[in-house]
Amino acid sequence: MNPIRATILGASGPYPGSDDLPSVIVCYGRTRLLLDAGEGTQHRIHEAGFSVASIRYILITHMHGDHILGLIPLLQSRSLSGTETQVTIIGPEGIRDYLLENFKLLYFRPRFDVAVIELKGDDELRLSNDVVVQAIELDHGIVTYGYILCFGDRRTLAYITDTRPLPRKLSSIIEEPDVLIHDATLSSNDSDLALEYKHSTAAEAAHVAKEVKAKTLLLFHVSQRYRHCYEDHLREARKIFKYSWIARKFMRIMIK
Ligand SMILES: [Zn+2]
Ligand SMILES: [Zn+2]
């Protein structure tokens, strides 16, 4: 049984000059899959000891810059590396145009085929014999998808950002995920901002984790405003769900 290894490449909400924008690389057997590609993702892929050439699937949650502005540079580096293996990019409607327009304006023709899948709803996609992706439409003001990665033997990693909490919907789709990475941009003291910007608080993320019976919760996309008080953020979640952690850049998670 292959272990599933996930490495957080960026975990915080956007702030000026950030080198910690959302991205997670997931390795299972020979499959290398990337969740989101915030600006600078390719540099952090190298720093974490991976190669851009090895990435075969890229899943983008939504078209906000902090989740996608690293995509084109990553594809350019992948092309420069000389690899000719196809990459498959999955994301919301509009991502095909985004890629084609950029390729055209930058006079960039990748050396490899780029397959693009634009999601139409809560689609289920089989990536290989033993990796299935379930997309879930979230609640973030623009079309946004969460992704549940299911590995052959029922091991599951769920990546749910950016969104208001959706405990009922998620619990009807995800069951006992090994790891739940969930939006926890704000603390309960700033719940008005969570409502306004359609994000979740640490407590709301913890409620979702409890509802879906997650084994581990990683609080993700946490705003920099809490950088001096992560402990409070964590305490807020742990009051509700004991197995909570704050996702940090280069944190490695293994699911055996
Ligand atoms: Zn967003
Ligand atoms: Zn974001």
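**Exercise 1. What is the strand order of the open sheet of seven strands, and which strands stand at its edges?**

Start with the order: the open sheet runs β7-β8-β9-β10-β11-β12-β13, and its pairing is mixed. Strands here are DSSP runs of E with at least two residues, helices are runs of H or I with at least four, and both are numbered from the N terminus. Two strands pair if DSSP finds at least two bridges between them.

Next, look at the ends. β7 (124–128) and β13 each have a single partner strand, so one side of each lacks a neighbour in the sheet. On average, neighbouring strands are turned by 20° against each other, direction ignored.

A word on the model: it is predicted, so local features need pLDDT of at least 70 and side-chain atom pairs count only at pLDDT 80 or more, while totals for chains, interfaces and linings use all residues. Residues are numbered from 1 along each chain as its sequence is written, with chains lettered from A and ligands numbered from 1 in the order in which they are written.

**Exercise 2. How many bridges join β11 to β12, and how many pair β12 with β13?**

Take β11 (residues 179–183) and β12: they run parallel and are joined by four bridges. His-182 has Leu-219 as its bridge partner in β12.

Now step across to β13 (residues 244–246), which pairs with β12 over three bridges, again in the parallel sense. There, Ile-246 is the bridge partner of Leu-219.

Finally, follow the chain: β12, helix α8 (residues 230–238) and β13 form a right-handed β-α-β unit (with the strands pointing away from the viewer, the path from the first strand over the helix to the second runs clockwise).

**Exercise 3. Are Leu-217 and Leu-218 of β12 buried or exposed?**

Use the rule: a residue is buried if 20 or more other C-beta atoms, placed from the backbone, lie within 10 Å of its own, exposed if 12 or fewer, and partly exposed in between. Leu-217 and Leu-219 on one side of β12 are buried, and so are Leu-218 and Phe-220 on the other.

**Exercise 4. Why do the buried residues of α3 line one face of the helix?**

List them first: Leu-71, Leu-74, Leu-75 and Arg-78 are buried in α3 (residues 71–80). Seen down the axis, these buried residues fall within an arc of 95° (taken from the directions from the helix axis to the C-beta atoms), so they line one face. An α-helix has 3.6 residues a turn, so residues three or four places apart point the same way.

Last, see what follows: after α3 comes Gly-82, with a positive phi near 95°.

Key
Axes fitted to C-alpha atoms, helices over the stretch in contact; angles between N-to-C directions.
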